[in-house]
Amino acid sequence: MCGALRPSDAGKKAVLMGWVNRRRDLGNIIFIDLRDRTGVTQIVVNIELNAAIHEKAEQLRNEYVVAVIGTVKKRDADTINKNIPTGEVELVAEELRILNVSKPLPFLPSDTVLANEEMRLKYRYLDLRRDAMQFNIELRHKVALAIRDYLSSAGFFEIETPFMTRSTPEGARDYLVPSRVQPGTFYALPQSPQLFKQILMISGFDKYFQIVRCFRDEDLRADRQPEFTQIDLEMSYPQPERVWEVVEGFLTAAFKAAGHEIKTPFPRMDYDDAIRQYGVDKPDLRLPAFTEVRDCFAPADLEQLAINKDLPVIAIRTPKVGELSRKERDDIKPLFVSKGGARVFEDFKRIENKFPEAGAKVRQKAGAAADDLLVLVVGSAQSGRDDHPAGKRKVTPAELAIYASAGILRVALAQKYADRHGIFKKSGDPEKDFCFLWVTNFPMFEYDENERRWVAAHHPFTSPHDEDMDKLETDPAMVRALAYDVVLNGTELGSGSIRIHRQDIQRQVFKALAMTEEEARSRFGFFLEALEYGTPPHGGIALGLDRIVMILAGADSLREVIPFPKTAAAKDLMCEAPTPVAAGQLRELGIGVVAKK
């Protein structure tokens, strides 16, 4: 391989094959940097040793594919390249074969300035030759292999589940596949193997896993793709802590394969605490938590500032930002996203000047140093409506609006001023660079304002807490789920739960979701029947492999760690998919295409 030769190989014959990364013609001597996925070796073609080979080497251009036979030679001391592992040797060519030529390229894999992403995706086969992409794909392989090895050694069976199954619309839209042999019917590509892995527990395979492709027809962003890969597992008879232990084990193996040591067990946090302290159920622990500072203000102060005295007053501290200019303070306002009447006070110094006693208390309670940025998020005097079914929760909807607004701003401020405080820069300390967290005890249901009904917060097969079973129909707002998410640096890596294993409870949950008996039988009849045949308690989780590798690679987008991704418009620019199909194919399937209104 082109990255294999070392000084100890001097004097040996070698055969190298790869792409011409660079050619330097010095007249009688031509130097060729030959590249494959392992690295680069310098080839020397000397006209005095072989004129025919030299003539052939003159024809070479970037990305020609060649084979070279020659003798390994140590480089002279003044020509050693310390930047590459093969930099102390070169191969003196004795035979050269051009295996294939290349058209002029739209961009070179060796370019230091990247082509725009659209160009890179159109010519993905060229983009994948770049060192960074080769590294990312190799990293993906190592991570997946480490996870497989760990789970296999822990007694899990890797079992494949179907890609063509029935549509059970709940959450994201399905990708549908028409059946030719059953006209008018459709398969669906799985959003996850959820029901199949639960049925495997019913079938007696008490430890299952799969690194599996899943499909969701939803709007895309940097951390979403229409087809993605997840690490899916299920266990019989577990408590949540046992699932967490397994996940921490395979993540430790995965991160070790990438050269990082992580600390376990991960900290744990109740959902309500995550909302109160961070405004989101996937908090980034690299940033300081909120501070509730309403009690730092006198009632008259709150009234003068038009702050709702019944809602939280949140102080956001961003460390080591330093003094902000007037323009920089103004730049904070566009970062603020108000949820339900929340307001922002971006100029804390103005509050300190007008209310010095309150300002001093806020600064002390928030633990803010002189060079820390302080911003307040509050409820306006008019906000605070909790007169709907979700209003009974520990964190009411009106409070949630304040916390959510502060949560968005907290991250936006840190990202904007990252260069100043360095929180997002790699420190070399795994405990600071990789902040894992288990978030637990999610609400079982969320209230859908548009449909005026309760919907499943995770999915409808999640088990409620035993002590909340009696509230399923009478007080759904207060039902907690045996659900848990694993979070890393503000990114949800995976979501799981202990499942419902009794048919009577599953029917209760469907009823709480306003699903009729007929709807339940139509969507999930086969699963409800399976629950009647001795189903053991079981639970599991699914983690996004793409997201894990993205974080390990330090990439900003999933497209950097997926070999053949889709664009934000769900297009494959290389294959030019999706495409229309021939009228004959549609007739065979009994499908007609109509214009979308």
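Which residues form one aromatic cluster? Phe255, Phe266, Phe434 and Phe436 do. The close-ups below come from a predicted model, where local features need pLDDT of at least 70, side-chain atom pairs count only at pLDDT 80 or more, and totals for chains, interfaces and linings use all residues. Residues are numbered from 1 along each chain as its sequence is written, and side-chain values use heavy atoms, with hydrogens and water left out.

**View 1. An open sheet of 8 strands.** The order is β6-β9-β10-β21-β20-β19-β16-β11, with mixed pairing; strands are DSSP runs of E of at least two residues, helices runs of H or I of at least four, numbered from the N terminus, and two strands pair if DSSP finds at least two bridges between them. At the edges, β6 (157-158) and β11 (268-270) each pair on one side only.

**View 2. Strands β9 and β10 side by side.** Residues 207-215 (β9) and 227-236 (β10) pair in the antiparallel sense over 9 bridges. Look for Phe209, whose bridge partner in β10 is Leu233.

**View 3. An aromatic pair at Phe157.** Phe157 and Phe205 form a tilted pair, 6.4 Å centre to centre with 55° between the planes. Rings of Phe, Tyr and Trp (its six-membered ring) pair if their centres lie within 6.5 Å; planes under 30 degrees apart are stacked, over 60 edge-to-face, and the rest tilted. Phe157 lies in strand β6 and Phe205 in the loop between α5 and β9, so the pair ties together parts 48 residues apart in sequence.

**View 4. Lys122 over a ring.** Lys122 lies over the face of Tyr123, at 5.6 Å from the ring centre; a charge sits over a ring if NZ of Lys or CZ of Arg is within 6 Å of the ring centre and within 35 degrees of the ring normal.
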